[in-house]
Amino acid sequence: MKPVNRRRPRLRGEGVTAALFAAPALAGLLLFVAVPFGLALGLSLTNLRMGSPLQTRFVGWQQYARVLADPTFQRAMLNNALFAAVVVPVQTTLALLLALAVNQRLRGMVVFRALFFMPVVFPMALVALVWELIYAPGPNGPLNALLGLVTFGGVAPQDFLHDRLLALPAIMLMSIWQGVGFQMVVLLAGLQSIPNELYEAAATERAGRWSQFRHVTLPQLRNPLVFTALVTTVLAFRVFDQVQIMTRGGPLDATTTIMFEAVQAVFERQQVAQAAAMTVVFFFLVLMVTLVQRAAVRQEREVA
Amino acid sequence: MRPARTPPPVTVRRRRPVIAALNYALLVIAAAAFVSPIAFMVAGSLKPDERVLAEAGSWQAVWPREASLQNYRDVFDRVPFGRYFLNSVVITGTIVLGGLVVNSLAGYAFARLRWRGRDALLGVVLALMVLPLQSIAVPLFYEVTILGWRDTYTAQILPFVANASAVYLFYSFFLGLPRELEEAAWTDRAGMLRTFLEVVVPNAKPAFATVAVVLFLFFWGLFLWPLLVTIGPEVRPLPVAIAHFQTLPPLKWGDIMAFGVMMVTPVLVLFLVFQRWFVQGVAASGRKG
């Protein structure tokens with residue numbers, strides 16, 4: 001946001017040109033981002049239902065009170081939090097391992113990198129359908145068969161998506177499969193921009209591999225790591241497609257999420273105001289996560 | 001920000017062959033975990049429907065004994081796949097092309113031109129970046145319904161052409177370009193639009209590629225929004241169409257897998273051809289952190 005071009009004299013018609021250049025984007029952002037966000041705040045304070053004969057009126061915090069007291073919505077928030085708590089560390093660690101692996105100077109790394117990244121280009125709706133079949137119940141289900149094979153029949157076949165304890169982890173596993181390549185690529189770019197001299201310096205001090213990783217790689221990777229963790233956290237709160245397609249929030253709300261509940265409120269009950277309140281809650285959760293994570297980074301910087 | 005790419009660090013001194021073999025073995029196992037669901041989908045699409053699940057627990061799950069294209073024919077018989085595909089192409093294509101034009105112009109106005117209110121508006125754009133689509137989907141749905149845009153291309157395209165993150169990405173890229181480029185053109189009294197098109201754009205290919213890749217991946221797979229605003233098959237894009245296809249009786253997994261293969265193949269081809277841009281685009285989108 002630094003002021004630029006202070007030295008250069010303003011060109012003739014520059015203001016008009018700039019306005020014309022910026023106008024389409026600014027108009028779009030105003031109409032389709034800023035206005036809807038304002039609308040979300042406004043609608044959430046009313047009792048609006050689509051197609052309802054009741055007159056819309058201001059009801060204050062009532063929708064928020066109702067939404068936050070609803071056990072299903074509480075479960076949805078818990079599920080999103082669980083999702084983030086498991087997927088963020090697991091996926092980030094896995095992405096780091098994969099990035100380190102494909103960063104080796106060995107033959108064929110380009111191929112491995114492409115294979116690990118491939119699921120990222122798959123639409124989540126398709127991934128959800130393929131994995132629904134992978135999680136098929138009974139000994140013939142692919143995952144059940146694989147588990148039976150590696151444990152020599154020690155694990156009985158599961159019905160992953162209809163099991164209260166397994167359904168959410170099943171969705172997590174699938175999401176990690178689809179998303180880890182994205183993080184890997186970001187971290188790989190980070191790895192490759194670490195100056196080689198740092199490793200050479202470490203080598204002259206006879207630092208071992210682990211010590212190099214601990215004192216050179218990790219600190220140098222801090223920014224990309226924080227970025228990927230942040231993106232994954234926000235994604236964890238946005239989970240919707242998988243749930244809509246694979247479990248519809250079940251069994252017994254075990255996999256429901258905030259966005260799934262918001263869409264249910266609109267589609268099943270035409271409760272636009274309630275759904276608006278839910279998305280505002282969603283927004284504040286995401287904002288809080290972002291702020292906490294940023295504060296954590298800043299602290300770390302001061303300590304370092 | 002940092003010096004140009006350096007070769008990867010020399011972690012491999014002289015390895016014993018056993019360790020090298022182990023290293024590859026681990027990589028191959030990991031690769032199998034990433035590839036097998038995809039192989040499972042492709043194999044399933046080539047088999048008679050009843051065998052998809054019956055053989056799902058054996059190695060034939062990923063390697064069919066005999067292959068037929070019957071499931072692919074079934075898809076075309078049962079649903080207007082061509083129409084769905086066209087819808088996705090039109091919607092994603094327009095968003096990507098429109099987004100490149102609109103957001104690069106805005107990014108340029110913020111980075112290089114002088115006008116009143118610029119810094120304040122840039123602050124607004126930065127603030128809007130933290131609003132994911134999900135947090136405005138419900139009110140936007142309401143807005144689109146009031147405008148009478150449900151079940152149209154317009155509802156699926158127009159709201160997404162302007163993109164705060166894309167504006168920011170262009171803005172920061174243009175800031176990093178040497179200013180002398182344009183100053184020479186300006187002293188020649190070339191117009192600002194012509195300078196932008198002929199001098200700036202050719203030097204900003206990485207930024208355009210990054211934005212194109214990120215927008216394409218996001219909108220080709222977008223599910224929540226078209227699920228909300230589409231009703232019939234006329235403007236239904238592929239992700240909603242495949243979910244809908246699964247709910248159409250009779251449930252035939254072979255057909256669904258064939259649908260999936262056809263839906264993802266063009267993206268995979270694009271990915272393999274433009275792999276460098278995909279990978280760099282994704283990596284660059286992460287560099288602003």
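The model is predicted, so local features need pLDDT of at least 70 and side-chain atom pairs count only at pLDDT 80 or more, while totals for chains, interfaces and linings use all residues. Residues are numbered from 1 along each chain as its sequence is written, and chains are lettered from A in the order in which they are written.

The contact takes 91 residues from chain A and 85 residues from chain B, two residues being in contact if their C-beta atoms, placed from the backbone, lie within 7 Å. On the side of chain B that touches chain A, helix α6(B) gives the largest share, ten residues. Helices here are DSSP runs (H or I, at least four residues), numbered from the N terminus.

Helix α1 (residues 14-43) of chain A packs against helix α6 (residues 133-146) of chain B at an angle of about 100°, with the axes 8 Å apart. That makes α1(A) roughly perpendicular to α6(B) (angles of 65 to 115 degrees count as such). Residues in this contact include F32(A) and L43(A) of α1(A) and I136(B) and E143(B) of α6(B).

Two residues have a positive phi although neither is a glycine.

| Residue | Phi | Loop |
|---|---|---|
| L252(A) | about 50° | between α11 (241-246) and α12 (258-269) of chain A |
| Q270(A) | about 55° | between α12 and α13 (272-303) of chain A |

In chain B, a cis peptide bond joins P249(B) and P250(B), with omega about -5°. P250(B) is in the loop between α13 (238-247) and α14 (253-273) of chain B.

Key. Axes fitted to C-alpha atoms, helices over the stretch in contact; angles between N-to-C directions. Helix = DSSP H or I, 4+ residues; strand = E, 2+ residues; numbered from the N terminus. Parallel < 35°, antiparallel > 145°, perpendicular 65-115°, else oblique.
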